[in-house]
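Trainee: I would like to learn how to read a few features from a model. Please take them one at a time.

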Amino acid sequence: MKESTKSKLNIFAHLWAVSMILFVVLCIVGVIGGMNENKNMMGISMVGTCLMFLILVCQLIASIVIRRWWCVAGSVFGILLSLFVMACSITALAAGQYRPPVMEGEVAETDSVFYSYSDDRISCNIVALVPVDGVDGEFNEWLSTELGGGYKGDRGGVQGVVDYYGEAHTDSLRSILKSGVPDYAELSYEAIMDKIYESDKVVTYTLSITLDLGGAHPTTREVGATFSKEDGRQLKWDIVRDDQKAKLNDVLKDMLKAYFDAKSDNDLKGKLQGVKSVSSLPLPSTPPFMTEKGYVLIYQQYEIAPYAMGMPGDTIPYNVLKPCLTPEAQKLIAE
């Protein structure tokens, strides 16, 4: 081997520590980008970490070629440490990436009430919030309906509602388990609530419900409700003017085209199920709810498309939906 080539390989091999440090820094950048949902940072980190790992491997080979055994040991150490840091980074990203599909805005800190039960085969967990003053009545009606309906107790107490449905769903899971399910199956019911938006006129809560009965996949329901602080009333589909139903259908159609990446009405119709015409789309069973950026419209699993298509929906900016709203509903939109 030529002396100049050997000299270059020697310098390259001795840089294993620099490569290892850069690798660790890039992993940290990736975690920070993931936590802040910064795609540019995540992209730079992904490309950079792959490149630095290849460089570390090449430095190991160079160390072996020139027989610098302490560099070989250093390169092996750098590669092992880099793999460990990468594994930790992936774990951190996975822990920080979960977001309910339609949640937006900052979740306010609010008193919570809980129900929790678990054993070897079943678990039931419900977390609900104590509503702001003035919306208790319809809030508890909405919560009771979403958790199953049928509660006849004191509608003024959130804890009473949560305890009732926690016990009911736990008993239901026990019955299903006794009726016969595969030995490996673990059954669960989980309902988690957040407060995602509040102005001086309205407050919005969301509820994510996941039911796993040991089948091929769990079922999930993502719902939200906006309540008027003035009278405690839940805003439902009556916020849309009767003479603007056609305009609302256009809004739904554009939303679904964007969700399914459909190029035409026929293309969209082919991706839906149970819809005769995209000119008269069914309204989502979940009423629209307000966030900082607009109204959320969302169809539940199986409601308008196969399970694999998820829950079609999006946040519709206020300026798009505002012409469809009643004067009373328009007044609730923050300036």
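Trainee: Which residue in β2 is the bridge partner of Y115?

Mentor: Before that, some ground rules: this is a predicted model, where local features need pLDDT of at least 70, side-chain atom pairs count only at pLDDT 80 or more, and totals for chains, interfaces and linings use all residues. Residues are numbered from 1 along each chain as its sequence is written, and side-chain values use heavy atoms, leaving out hydrogens and water. As for strands, they are DSSP runs of E with at least two residues, while helices are runs of H or I with at least four, numbered from the N terminus. Two strands pair if DSSP finds at least two bridges between them. Here, the partner of Y115 in β2 is I126.

Trainee: How many bridges join strand β1 to strand β2, and how do the strands run?

Mentor: Seven bridges join β1 (residues 112-118) to β2 (residues 122-129), and the two run antiparallel.

Trainee: Now salt bridges. What is the rule, and what count does it give?

Mentor: Side chains of opposite charge can pair when their charged atoms come close. The rule asks for a side-chain nitrogen of Lys or Arg within 4 Å of a carboxyl oxygen of Asp or Glu. The count comes to 11 salt bridges. One of the pairs is R241 with D243, at 2.9 Å from N to O. Another is D242 with K245, at 3.6 Å. K263 and D261 also meet in a salt bridge, at 3.1 Å.

Trainee: Are D243 and D242 buried or exposed?

Mentor: Buried means under 20% relative accessible area, exposed over 50%, and partly exposed in between (1.4 Å probe, protein chains only). D243 is exposed at 54%, and D242 is exposed at 67%. In the remaining pair, K263 is exposed at 66% and D261 is exposed at 51%.

Trainee: Which residues are linked in a network of salt bridges?

Mentor: K195, E198 and K229 are linked in such a network.

Trainee: Which residues make the nonpolar surface patch?

Mentor: Patches take residues with over 30% relative accessible area and no salt bridge, joining nonpolar side chains (Val, Leu, Ile, Met, Phe, Trp, Tyr) within 5 Å and like charges within 9 Å. Areas come from the Shrake-Rupley method with a 1.4 Å probe; for residues, only the protein chains shown count as cover. V76, L80 and L83 make a nonpolar patch of about 250 Å². V76 lies in helix α4 (residues 69-97) and is partly exposed, with a relative accessible area of 34%.
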